[in-house]
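Look at the sequence and the structure shown here. The report that follows goes through salt bridges, strands, a cavity and a pocket.

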Amino acid sequence: MTVMKSLLAAAAATIALGAQAQTLPTSGTLVVVPANGEVVHANDQVTVTLAIEEQDKDKVAAASRVNQKMNQGAAIVKKADPQAVLKTQGYYTYAVYPETAPLPPGVAAKPRVPTGWRVGQYLQVTTTNLAALPKTVSAAQGVLTLNRLNFGLAPATIRKLDDQRIAAAYKNLNERVAAIAGAMGRTVNDAVIDTIDFEGSGNYAQRVSVAGARNMSADSMGYGGNQVAEPSFEAGETTLNMGLVAKIKFK
């Protein structure tokens, strides 16, 4: 009987504590609620990086071929996609030295003399003409190599999605406040928004899926006078996030 009485007393105490917890006063409570909204949109812009590199014992000859082929490649891209925005970048010149064996201790190294030169340059192409992308890249690969692809959203598209991101974040806030109010034994009508801080203002987070970014080695994509078959690309989609933090006060 003593054990039974103890168990009954413990159960009664637990119920009492539970009832007391459920009846905690919530009037005037200030709750900080984080929320998040996201919008998924198909990628409508691509940045293509094309490259050219030449090696020669004569630095001038190597640089001359790079300059010539870069001019040819840029002209090809402009013709294939007139609306594309082009930007040349990353011009480099490196000396190529012969391999040397480690010297014995105490032996001074002789000045190294280059046996050749590596000269190269990159061409960045940004366009929203995804339909013509395979044809444009194929034409450019007749002279240049494909180094990298980055799919994403055009700035104008991102601006248009701002309203949707804000609405999605605000909807998520209402859902979370309703859940919190229910847990507190209150209704949404008892909650009043005190402050909302939209953390994501202008700082959207992008997640590129499917073929959002690709790297191509220069060795795997040959160039020359031969026609290159058109490649296949999948632009994928991007998820834009909008975060907010709100202070909610219960009456």
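## A network of salt bridges

Asp56 and Arg65 meet through their side chains in a salt bridge, with 3.0 Å from N to O. A salt bridge is a side-chain nitrogen of Lys or Arg within 4 Å of a carboxyl oxygen of Asp or Glu. This is a predicted model, in which local features need pLDDT of at least 70 and side-chain atom pairs count only at pLDDT 80 or more, while totals for chains, interfaces and linings use all residues. Residues are numbered from 1 along each chain as its sequence is written, and side-chain values use heavy atoms, with hydrogens and water left out.

Arg65 also forms a salt bridge with Glu54, where the closest N and O atoms are 2.9 Å apart. This pair links distant parts of the chain, since Glu54 is in strand S2 and Arg65 is in helix H2 (residues 59-80), eleven residues apart. Helices (H or I, at least four residues) and strands (E, at least two) are DSSP runs, numbered from the N terminus. Glu54, Asp56, Arg65 and Lys69 are linked in a network of salt bridges.

Buried means under 20% relative accessible area, exposed means over 50%, and partly exposed lies in between (1.4 Å probe, protein chains only). Arg65 is partly exposed, with a relative accessible area of 26%, and Asp56 is partly exposed at 23%.

The structure holds six salt bridges. One of them joins Arg118 to Glu53, with the closest N and O atoms 3.0 Å apart. Arg118 lies in strand S4 and Glu53 in strand S2, so the pair ties together parts that are 65 residues apart in sequence. Arg118 is partly exposed at 29% relative accessibility, and Glu53 is partly exposed with a relative accessible area of 26%.

## Strand S4 and its partners

Strands S2 and S4 run antiparallel and are joined by eleven bridges. Two strands pair if DSSP finds at least two bridges between them. Glu53 has Gly120 in S4 as its bridge partner.

Which strand is joined to S4 by ten bridges? It is strand S3 (residues 85-96), and S3 and S4 run antiparallel. Gln89 stands opposite Tyr122 in S4.

## The cavity

There is one cavity of 30 Å³ or more in the structure. On a 1 Å grid over the protein atoms alone, a cavity is a set of points where a 1.4 Å probe fits but cannot get out; a pocket is an open set with protein on both sides within 12 Å along at least five of seven lines; and lining residues have an atom within 4 Å of a point. The largest cavity has about 60 Å³ of space. Grid points are joined across faces, edges and corners, and a volume is the space filled by probe spheres set on the points.

Residues lining the largest cavity include Val48, Leu50, Val125, Thr127, Leu133 and Ala140. Strand S2 (45-56), strand S4 (116-127) and helix H3 (133-140) each supply at least two residues of this lining. H3 gives the most, with four residues. By class, the lining has seven nonpolar, two polar and one charged residue. Here Ala, Val, Leu, Ile, Met, Phe, Trp, Tyr, Cys and Pro count as nonpolar, Asp, Glu, Lys and Arg as charged, and the others, Gly among them, as polar.

## The pocket

The volume of the largest pocket is about 150 Å³. Among the residues that line the largest pocket are Tyr97, Pro98, Thr100, Lys110, Pro111 and Arg112. Its lining divides into seven nonpolar, one polar and two charged residues.

## A buried threonine

Thr238 has its place in strand S9 (residues 237-250). Thr238 counts as buried, at 0% relative accessibility. Its side chain makes a polar contact with the side chain of Asn43 (2.4 Å). A polar contact is a pair of N or O atoms within 3.5 Å; within protein, one must be able to donate a hydrogen and the other to accept it, and residues adjacent in sequence count only if both atoms are side-chain atoms.

## The whole chain

The protein chain has five helices and nine strands. From the N terminus on, its elements run α-β-β-α-β-β-α-β-α-α-β-β-β-β. Of the 251 residues in the protein chain, buried residues make up 31%.
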